[in-house]
Amino acid sequence: MNLIAEAISKQYNRNIGAVNSFFAVKEVDFELAKGKLAVILGRSGSGKSTFLNMLAGLLQPSSGNVLYDGTDLYSLSDKELSRFRNQNIGVIPQVHSLLNNLSVIENVKFPYLLYEAQDDVEEYALQLLEAVGISELKDVSPSELSGGEMRRAAIARAMIHKPGIILADEPTADLDDENTNKIYDIFRKTANQGTSIIMVTHETEAVDYADVVYRMNAGELSKIK
């Protein structure tokens with residue numbers, strides 16, 4: 001899936017002293033072709049997550065447009081946007097977002113079953129859990145998982161629809177070196193198969209897996225590779 005962001009920005013207003021507004025993300029132009037893996041580096045508070053959430057359709061930009069294969073994301077109605085995001089964009093959030101009343105494998109299947117007929121996706125969900133190394137935990141509650149296990153379940157969930165693009169916010173933050181490399185390998189293989197991927201991270205090791213690398217600093221995005 002081809003992504004084009006045209007002059008998107010995010011401005012917040014606040015009533016503190018003489019300065020009553022600031023830009024979390026200044027005007028950014030960004031393109032990513034189908035099957036490419038982009039890494040965005042930057043410190044906490046640099047604007048990385050805000051930028052990713054605008055690309056995901058989760059945060060309305062203050063200006064600009066986000067287009068996926070020519071579809072203007074923010075011209076869609078709320079209902080249209082929710083369905084488009086569900087079927088085309090795999091989001092791996094920075095915060096844990098699994099539903100505790102569902103088992104791990106039910107969490108993985110949940111996005112698929114929201115809009116599709118009740119097809120049996122159990123086998124594919126289990127394959128994804130095997131790929132991230134937690135298939136033995138498929139029937140437990142998320143409340144029983146470690147932070148790293150929850151992170152890996154969220155990665156499997158984001159891939160259940162075989163989306164055209166995956167947007168990953170610090171996807172390896174809770175993982176040891178072995179599992180971090182496993183996730184990087186999965187992302188690289190997935191990109192090679194035609195899925196576009198954007199990963200924001202503090203971890204410079206991710207650069208070795210990327211086609212393009214950017215740095216976000218004080219809301220400004222610059223290409224470094």
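Me: What makes H5 mostly covered, and how many of its 12 residues are buried?

Reply: This is a predicted model, in which local features need pLDDT of at least 70 and side-chain atom pairs count only at pLDDT 80 or more, while totals for chains, interfaces and linings use all residues. Residues are numbered from 1 along each chain as its sequence is written, and side-chain values use heavy atoms, with hydrogens and water left out. A residue is buried under 20% relative accessible area, exposed over 50% and partly exposed in between, with a 1.4 Å probe and protein chains only. In H5, 11 of the 12 residues are buried, and the helix is mostly covered; among them are Gly-148, Met-150 and Ile-155. Strand E6 (89-92), H3, H4, E7 and H6 are included in what covers the buried residues of H5, where contact means heavy atoms within 4.5 Å.

Me: How do you know that the span of H5 agrees with its 12 residues?

Reply: Helices (H or I, at least four residues) and strands (E, at least two) are DSSP runs, numbered from the N terminus. The expected span of a helix is 1.5 Å times one less than its number of residues, so the 12 residues of H5 should span 16 Å, and the end C-alpha atoms, being 17 Å apart, agree with that.

Me: Why is the pair of Asp-174 and Arg-151 called a salt bridge?

Reply: A salt bridge needs a side-chain nitrogen of Lys or Arg within 4 Å of a carboxyl oxygen of Asp or Glu, and the closest N and O atoms of Asp-174 and Arg-151 are 2.8 Å apart, so the pair meets the rule. Asp-174 lies in the loop between strand E7 (165-169) and helix H6 (177-192), whereas Arg-151 lies in helix H5 (residues 147-158), so the pair ties together parts that are 23 residues apart in sequence. Arg-151, at 5% relative accessibility, counts as buried, while Asp-174, at 36%, counts as partly exposed.

Me: What makes Glu-220 and Lys-26 a salt bridge?

Reply: Their closest N and O atoms are 3.6 Å apart, which is within the limit, so this pair counts too. Glu-220 lies in strand E10 (residues 220-223) and Lys-26 in strand E2 (residues 19-32), so the bridge ties together parts that are 194 residues apart in sequence. Glu-220 is partly exposed at 46% relative accessibility, and Lys-26 is partly exposed at 34%. By this rule, the count comes to five salt bridges.

Me: Why are E6 and E10 said to stand at the edges of the open sheet?

Reply: The open sheet has six strands in the order E6-E7-E8-E3-E9-E10, with mixed pairing. E6 and E10 each have a single partner strand, so one side of each is left without a neighbour in the sheet. The twist averages 20° from one strand to the next, where axes are lines fitted to C-alpha atoms, for helices over the stretch in contact, and angles run from 0 to 180 degrees between N-to-C directions.

Methods:
Pairing = 2+ DSSP bridges.
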